[in-house]
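This report describes the annotated span, the sheet, the helix packing and selected backbone features of one model. The sequence and structure are shown first.

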Amino acid sequence: MLEYLGLSTDSKPKPWERIAAAKRQALRDAIPAEWVIPAEILPPEEETDVTTFLRESGWFTDREVEITSTPAPELLAELSSGSCTSEEVTKAFCKAAAAAHQLTNCLSEILFDEAISRAKQLDDHLKQTGKPVGPFHGFPISLKDNFNIIGKDSTIGFVSLVDDPATYNSTLTDLLLEAGAVLYIKTNVPTAMMIAETVNNVFGRTVNPRNRKLTPGGSSGGEAALIAFGASRIGVGTDIGGSLRIPAACTGIFTLRPSFGRFPNSQTRSGLAGQESVNSVNGPMAKTLPEIELFAKTVVGQEPWIHDPKCLPIPWRSVEPKKTLKIAVLWNDGNVTPTPPVARALKETVEKLKSAGHEIVDWGPTDHQAAVKLLSRKFLADGAKSIRKLIEPTKEPFRPEMKDYEASSEIGVNELWQIHIERNTLQKDYLERWNACEGLDAILGPTTPYSSVEHGKFAYVGYTGVFNILDYPAVSFPSGVKVDKALDTPYAAHQALSDIDATVQNIYNAEAVDGMPVNLQLVGRRLEEEKVLMMTAVVLQAL
């Protein structure tokens with residue numbers, strides 16, 4: 001089991017391993033006995049797809065299935081009118097989250113008792129006043145581990161941060177509570193949130209509920225797994241190089257990576273605290289696009305710029321749908337070729353967009369390779385001092401996925417400033433190229449080269465990372481295409497674009513990912529989140 005979780009199997013556990021084991025046990029113990037899956041219905045490890053468990057196991061009541069299957073807008077309407085109670089809704093999602101954790105190892109903190117208590121208080125308030133507390137009245141929302149909640153750990157995958165509870169809330173935590181939300185769990189992340197798969201030395205590896213032999217991606221992989229399983233309608237993750245969009249793609253759900261300043265990100269925990277060469281942003285993850293828009297509109301409606309000094313005072317703007325769009329297609333980024341199912345999904349999507357009357361142009365990968373190199377240089381600029389500071393107190397080792405950090409050397413201030421100059425030049429050049437393509441609305445391309453990939457094999461984040469450098473908003477959305485091992489066979493006589501391309505194609509396994517959904521990515525202009533959501537809806541109509 002420890003190997004399955006990506007943890008050490010040494011016969012004599014080291015001190016850091018004992019701390020981690022105790023934390024994992026405490027997490028298991030926080031699941032009430034009545035929500036421990038009975039052994040006779042527990043899916044065996046060889047049963048890879050567990051997304052049907054909630055509906056088909058018989059362990060959940062019809063009402064619990066109905067609640068967890070109801071999209072957020074409808075559920076919120078019922079909660080605010082009093083036609084259902086927050087207590088019953090919260091208990092249904094808590095039980096579902098307990099099951100999701102037992103089957104995918106997706107949680108990092110459990111707040112079931114606090115959540116149910118808050119739900120009862122919100123129900124009492126509605127009965128006494130006839131008014132909901134706010135736009136999220138009584139609605140359970142899940143949070144990625146790095147969002148601080150007073151009294152709870154935010155380990156972000158470090159053993160030294162176990163039993164180090166937060167003494168303050170993240171700004172978003174407070175805004176959600178003020179809006180009436182119920183916070184019931186936090187979800188697992190990779191070490192420092194800097195690995196494209198969700199694995200760390202504290203909780204181990206989170207697996208994909210659509211196929212437990214595959215990764216749910218990272219760093220918001222715990223969130224993605226929870227939502228894909230059906231145990232959350234709306235969750236919140238973060239993105240600094242693809243950490244929202246990659247997990248959404250690996251699990252076939254929706255997410256919005258906003259431009260910096262639209263949503264509050266202050267007072268969250270980071271593995272690279274103080275690194276602002278490329279800004280981390282947070283955004284919603286959900287099964288449907290309307291739920292993404294609901295969250296975005298509601299959070300911006302809370303006027304987060306009053307509470308977060310880096311939030312921009314831009315109210316949510318209504319955008320009229322466009323009948324036809326001009327979309328530039330990024331077929332590859334010049335560095336890594338999309339694997340066969342992703343290339344097929346992109347081609348079929350483009351054909352449907354053309355048939356629907358949209359204008360399609362090709363988009364060359366100019367500056368994409370430079371952007372990927374810039375991203376890596378920024379993340380490694382401190383020579384992993386931030387990470388060493390967090391692993392040294394307990395002597396936990398660097399995870400193998402972080403070998404580049406372990407081998408990195410600190411650069412000087414002047415060298416970092418030169419990197420910033422390169423970034424600024426790249427941003428300006430890319431903007432001018434966009435402007436030169438008259439009437440361009442969006443860029444469409446892969447979210448990742450993969451649908452998903454087997455554990456330990458996620459090797460490339462360039463398709464997402466370039467838009468972190470540019471700070472463009474992007475939606476990762478299911479294309480409707482699923483991997484077909486008969487259609488999506490490996491390329492014959494592939495001419496690799498680079499060494500990493502050769503690696504990606506060599507490890508591609510059509511049999512392993514057969515049946516997995518394929519996401520694509522729609523990118524808009526900076527700070528135009530409303531428009532990119534509108535355009536995604538238009539694209540989905542064409543599909």
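According to the unreviewed UniProt entry, the annotation "domain: Amidase" covers residues 88–533; such annotations may be inferred rather than shown by experiment, and UniProt positions are given in the numbering used here, with feature names shortened. The end C-alpha atoms of residues 88–533 lie 32 Å apart, and the span is 36% helix and 14% strand. Helices (H or I, at least four residues) and strands (E, at least two) are DSSP runs, numbered from the N terminus.

The model is predicted: local features need pLDDT of at least 70, side-chain atom pairs count only at pLDDT 80 or more, and totals for chains, interfaces and linings use all residues. Residues are numbered from 1 along each chain as its sequence is written, and side-chain values use heavy atoms, with hydrogens and water left out.

**Sheet**

Eleven strands form an open sheet with mixed pairing, in the order S1-S3-S2-S6-S8-S7-S12-S13-S11-S9-S10; two strands pair if DSSP finds at least two bridges between them. Strand S1 (107–110) and strand S10 (359–362) stand at the edges with a single partner strand each, so one side of each is left without a neighbour in the sheet. On average, neighbouring strands of this sheet are turned by 30° against each other, direction ignored. S1 runs antiparallel to strand S3 (residues 182–187), and three bridges join the two. Glu109 has Lys186 in S3 as its bridge partner.

**Helix packing**

Two packed helices are described by the angle between their axes and the distance between the axes. Axes are lines fitted to C-alpha atoms, for helices over the stretch in contact, and angles run from 0 to 180 degrees between N-to-C directions.

| Helix pair | Axis distance | Angle |
|---|---|---|
| H6 (residues 86–104) and H7 (residues 112–129) | within 8 Å | roughly 165° |
| H4 (residues 62–69) and H6 | within 9 Å | roughly 90° |
| H13 (residues 368–379) and H17 (residues 462–470) | 9 Å | about 80° |

Angles under 35 degrees count as roughly parallel, over 145 as roughly antiparallel, 65 to 115 as roughly perpendicular and the rest as oblique. H6 and H7 are therefore roughly antiparallel to each other. Their contact (heavy atoms within 4.5 Å) brings Ser86, Glu87, Thr90, Lys91, Cys94, Ala97 and Ala98 in H6 against Phe112, Ala115, Ile116, Ala119, Lys120, Leu122 and Asp123 in H7. The residues of this contact of H6 with H7 comprise eight nonpolar, two polar and four charged. In these classes, Ala, Val, Leu, Ile, Met, Phe, Trp, Tyr, Cys and Pro count as nonpolar, Asp, Glu, Lys and Arg as charged, and the others, Gly among them, as polar.

With axes that cross at roughly 90°, H4 is roughly perpendicular to H6. Arg63, Glu64, Ile67 and Thr68 of H4 make the contact with Glu88, Val89, Ala92, Phe93, Lys95 and Ala96 of H6. By class, the contact of H4 with H6 has five nonpolar, one polar and four charged residues.

H13 and H17 are likewise roughly perpendicular to each other. Their contact involves His368, Ala371, Val372, Leu374, Leu375 and Lys378 of H13 and Gly462, Gly465, Val466, Phe467 and Ile469 of H17. Seven nonpolar, three polar and one charged residue form the contact of H13 with H17.

**Backbone features in loops**

Gly218 and Ser219 are joined by a cis peptide bond, with omega about 10°. Ser219 is found in the loop between strand S5 (204–205) and helix H9 (221–229). Asp163, a residue other than glycine, has a positive phi near 55°. Asp163 lies in the loop between strand S2 (140–144) and helix H8 (171–178).
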